[in-house]
Amino acid sequence: MQQFIDGLIGSATGMERELYYFAGMLAFGALVVFGFILPLAGITSWLERRVWARMQSRIGPNRVGPFGVLQWLADGLKNLLKEDVIPTAVDARLFRLAPYVVVVGFVAAWVAIPFGSSLIIADLNIGILYVTAVTSLVVVGILMAGWSSNNKWSMLGGIRSATQIVSYEIPAALAIFPAVLLSGTLSMQGLIEAQGWQPWSWHMFHSPFTFFAFLLFFTSLLAEGNRTPFDLPEAESELVAGFATEYSGMRSLLFFLAEWGNLYVIGAVVTTTYMGGWQVPHFTDNTVLLNAAQLATFFLKSYFWVFVAMWIRATLPRVRVDQLMSLCWKYMVPLGLVTVLGTAVTMVAAPEGMPTLRYLTFGAVMLVVLQFFRRVVFHLRRARGLGWTMAG
Amino acid sequence: MAGYFQNIADAFSTTFEALSVTFSHLFRKPYTVQYPDRIPFRIQDTLPYRYRGILEVDLEICTGCLACERACPIDCIVIDATKDRETKEMILTRFDIDMAKCMYCGLCSEPCPTGSIHHTREFEGADYSLESLVKRFVRVPVAAYKPKKSGEDDPAIIPILERGMRYIGEFAGPEETPRKDAGAA
């Protein structure tokens, strides 16, 4: 990047040079945001609506483009053209700023997401820490939105979001530790390189402790991303739309952009830490081809977790505030401590790794998955027996 | 303490079961019927005969009695009927129904002696202007229908009258006593 701009500007020096670098960074950032993050968040929104619809026996958006894939474009355009209402009684400056803070918080996380062995913007040596820290910036934006809206519901939503995210940082951080212990690094690439491409060589299946750590991690990330069953900040049935109540048009859409973009970040982080990231068998020496395969693998894995988050949203009811807190402090924090200690003990007991435990964990999880599909078949048969499937 | 672990076990097992139920829905057909262009038949044809859709008047059997105009609670029906001095016939010069005002209560079709004014099963009333929602049934002044004592013998009118009589006959009366006198008009 730097060399590229150097070639463009030639002999400029000093202050001027810095300005050119700044402009170059802005241009590159805009390219990434508009060419990659926006469509990704948009398509995630479409996917969520489709998946959700099918789980409720509906069809979902299917008019704009093939299968409705372009629905997000239509929605975005519509919202761009809408009036940007700023109510009289709000704190206008904070009110205008809040969506941008939210968007910055989630876009910044993309810097450290590894899409392939050489497809990463910056492989920070504190990668995973950086991601958790930066995504917490979202809560500042939400709190700003809630406060500045001058509205009871918005305020409650903002405060709920703050409590929730601050509490769930702890189990999330605890659940990262096992993976960090196993890899011996905080760097996103280092975490992935410590795992292999075979499923049983993922951190997830190292021992039962790491598997539970993974479950904890995913759950607390859901809570941090304000996803159902932890979507208390925007609980429609109690708080209208929570912190987003007073927002309209594009500003309102920015919150949703951050929500859906965050969903992908959740999937990507989970994939990186516990599911082997972009690891593929080394089938070719061609770097481009290898990176393409890695990119595809990474996308597939992270979209699987995005799908799981949507699936959970279509399944579970929202928890109450006190349930949210007791779940975090009474169950997830102790369980997180147990997983960290357990992983540490297994590592001390067998510094070379314990293949038997690995295979056993993998086998047990596969059995659970098998049982799951047996239940699905059972429910399908039952539905057919009761005549619950529509004919024609 | 036992309750604590029971809670954890319950959380896992119930979530597991719930997820399997929703996942099975992915393999079922959606119930949604996509109206209007992805169904093989018109939805109007599936509605019951007495469905209260957009109003229509069969001028051939309208007696010009003004019962419907009087029954209408919001005055969306306007009828101009004059008696012709020479032929002693009622001449209808205007029969307008403002479908923008109509609330589909069905009170106009109940007193109609011949079933001339009746609801159709058509419900798609969207239009570009309010004026075009005013249905004008009389284009040129026509003579009102006069019931004959010996029964109707005009083959052009018989099917229309039969339809009207059926419409009246299917009024929702008390379950046990359907209106016997429906055909007497």
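This is a predicted model: local features need pLDDT of at least 70, side-chain atom pairs count only at pLDDT 80 or more; totals for chains, interfaces and linings use all residues.
Residues are numbered from 1 along each chain as its sequence is written, and chains are lettered from A and ligands numbered from 1 in the order in which they are written.

Figure 1. Helices (H or I, at least four residues) and strands (E, at least two) are DSSP runs, numbered from the N terminus. Read from the N terminus, the elements of chain A are α-α-α-α-α-α-α-α-α-α-α-α-α-α. The C-alpha trace of chain A spans about 65 × 60 × 45 Å along its principal axes. The radius of gyration is taken over C-alpha atoms, and the globule rule is 2.2 Å times the number of residues to the power 0.38. For 392 residues a compact globule would have a radius of gyration near 21 Å, and the 23 Å of chain A agrees with this. Of these 392 residues, 40% count as buried. A residue is buried if 20 or more other C-beta atoms lie within 10 Å of its own, exposed if 12 or fewer, and partly exposed in between, with C-beta atoms placed from the backbone. Contacts (C-beta atoms, placed from the backbone, within 7 Å) are defined between two residues. In chain A, 78% of the contacts with a separation of 6 or more are between residues 24 or more positions apart.

**Figure 2. Chain B, with 3 helices and 6 strands.** The order of elements in chain B, from the N terminus on, is α-β-α-β-β-β-β-β-α. Its C-alpha trace spans about 100 × 45 × 35 Å along the principal axes. Chain B has a radius of gyration of 27 Å, whereas a compact globule of 185 residues would have one near 16 Å. Buried residues make up 17% of the 185 residues of chain B. Of the contacts in chain B between residues at least 6 apart in sequence, 74% join residues at least 24 apart.

**Figure 3. The side of chain A that touches chain B.** Chain A gives 18 residues to the contact and chain B gives 20 residues. On the chain A side, helix H2 (14–55), H12 and helix H14 (355–385) each give two or more residues. H14(A) supplies the largest share, 6 residues. By class, this side of chain A has 11 nonpolar, 4 polar and 3 charged residues. Ala, Val, Leu, Ile, Met, Phe, Trp, Tyr, Cys and Pro count as nonpolar, Asp, Glu, Lys and Arg as charged, and the others, Gly among them, as polar.

**Figure 4. Packing of H12(A) on H1(B).** Helix H12 (residues 287–315) of chain A and helix H1 (residues 2–25) of chain B have axes 9 Å apart, at an angle of about 100 degrees. H12(A) is therefore roughly perpendicular to H1(B). Angles under 35 degrees count as roughly parallel, over 145 as roughly antiparallel, 65 to 115 as roughly perpendicular and the rest as oblique. Axes are lines fitted to C-alpha atoms, for helices over the stretch in contact, and angles run from 0 to 180 degrees between N-to-C directions. From H12(A), A:Trp311, A:Ala314 and A:Thr315 meet B:Ala18, B:Leu19, B:Thr22 and B:Phe23 in H1(B). This contact has 5 nonpolar, 2 polar and no charged residues.

**Figure 5. Helix H1 of chain B, with 24 residues.** From its first C-alpha to its last, H1(B) reaches 35 Å, close to the expected 34 Å at 1.5 Å a residue. The expected span is 1.5 Å times one less than the number of residues. The buried residues of H1(B) are B:Ser20, B:Thr22, B:Ser24 and B:His25.

Figure 6. A:Ile312 counts as buried because it has 20 C-beta neighbours inside 10 Å. Leaving out residues up to four places away in sequence, A:Ile312 touches A:Leu222 and A:Thr228. A:Leu222 is 90 residues from A:Ile312 along the chain, and their C-alpha atoms are separated by 9.7 Å.

**Figure 7. A:Phe67, a residue other than glycine with a positive phi.** Phi of A:Phe67 is near 55 degrees. A:Phe67 lies in the loop between H2 and helix H3 (71–81) of chain A. With 14 C-beta neighbours inside 10 Å, A:Phe67 counts as partly exposed.
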